[in-house]
Structures are given as structure tokens and as C-alpha cells.
Amino acid sequence: MRDPDSLAEEVLDILDRMIELVNLENTMLESSEVDLFEPLVDRKVSLFEQYTKKLEYLRRFKEIREGISEDLREELLEANEEFQELAERNQRLLAGAVEAGNQMFESFSQAALDSQNRLSRYSKMGAKDTSGRRSVALAYNQEL
């Protein structure tokens with residue numbers, strides 16, 4: 001069997017790194033700096049896998065769980081509470097980012113359709129000529 005406090009320290013270390021990571025992700029989401037997002041998600045997945053394995057071990061072995069010192073138990077509870085708050089904030093920020101992306105896509109799509117109609121050519125007989133499609137330049141205001 002493993003030393004309970006040693007295992008608790010490992011769980012606490014992983015939880016601290018998860019807190020740091022979710023904090024960083026929240027900052028990126030708030031500032032729209034998503035260029036570093038993919039490596040961050042890879043780290044996040046790795047930490048969650050490690051955390052899950054440690055918690056599963058604690059769940060399986062009652063004597064280890066009960067052997068954790070009171071100080072470490074308190075630290076774990078406080079870190080877990082901090083992580084839960086950050087995770088809830090992260091969920092709201094991610095939902096906002098998805099909604100903004102959906103709105104942007106919808107705006108781009110509508111602008112492209114509107115521009116296509118404005119740029120349409122008409123034949124000498126007055127019929128709409130759709131054979132010569134033109135490219136349309138689109139941009140968006142990042143502050144929205």
C-alpha cells in the first residue's frame with residue numbers, strides 16, 4: 001500500500017496544476033488569444049487523466065483515504081473548492097466563446113449571401129446571371 005500523505009500530496013500537486021491551467025485558459029478566453037489553446041487543451045487532458053487515476057485509487061482503498069492527515073485533507077478540500085469555482089467560470093467562458101463563434105459564422109454567412117445578391121450581374125434580357133461568381137472580402141471587429 002502507498003503512504004496516504006504521499007498520495008494526497010500527489011493529488012494536491014495535480015490539482016494545483018489543474019487550477020493554474022484552467023486559470024490560464026480562462027485568461028486566454030477572456031482576451032481572445034486562442035493561438036495557444038491547442039497545447040493547453042492537451043495539457044488539460046493529461047492532467048485530468050492523472051487526477052482521475054489518483055482519485056480512483058483513493059476511492060478503491062478506504063484505508064489510504066482515511067490515512068490522509070487532517071492538514072492535507074483540508075488543503076485538498078480548499079484546492080478542490082477553488083478548482084470548482086474556476087471550472088464553472090471556464091464553462092461560462094467556453095460557452096460564450098462558442099456562442100460568439102456561432103454568431104460570427106452566421107454573420108459571415110449572411111454577409112456573403114447579401115454581397116452575392118448585390119454583386120449579381122444581369123443579362124441584356126434582365127435575367128440574373130449566376131455564372132460569374134465573385135469573391136467577397138469579409139472582416140470582423142474583434143472587440144465585439
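Reader: At what angle do helix 1 and helix 2 pack, and how far apart are their axes?
Author: In this predicted model, helix 1 (residues 4-31) and helix 2 pack at about 155°, with axes 10 Å apart. Helices here are DSSP runs of H or I, at least four residues, numbered from the N terminus. Axes are lines fitted to C-alpha atoms over the stretch in contact, and angles run from 0 to 180 degrees between N-to-C directions.

Reader: So are they roughly parallel or antiparallel?
Author: That angle makes helix 1 roughly antiparallel to helix 2 (angles over 145 degrees count as that).

Reader: Switching topic, where's Lys-54?
Author: Lys-54 sits in helix 2, residues 37-60.

Reader: And which side chain does Lys-54 join in a polar contact?
Author: Glu-10, at 2.4 Å.

Reader: How many salt bridges are there in the whole structure?
Author: Seven, each a side-chain nitrogen of Lys or Arg within 4 Å of a carboxyl oxygen of Asp or Glu. Arg-17 and Asp-13 form one, with closest N and O atoms 3.3 Å apart. They're about one helical turn apart, because four residues separate them in helix 1.

Reader: What should I know about the numbers?
Author: Residues count from 1 along each chain as its sequence is written. Local features need pLDDT of at least 70, side-chain atom pairs count only at pLDDT 80 or more, totals for chains, interfaces and linings use all residues, and side-chain values use heavy atoms, leaving out hydrogens and water.

Conventions. Helices (H or I, at least four residues) and strands (E, at least two) are DSSP runs, numbered from the N terminus. A polar contact is a pair of N or O atoms within 3.5 Å; within protein, one must be able to donate a hydrogen and the other to accept it, and residues adjacent in sequence count only if both atoms are side-chain atoms. Angles under 35 degrees count as roughly parallel, over 145 as roughly antiparallel, 65 to 115 as roughly perpendicular and the rest as oblique.
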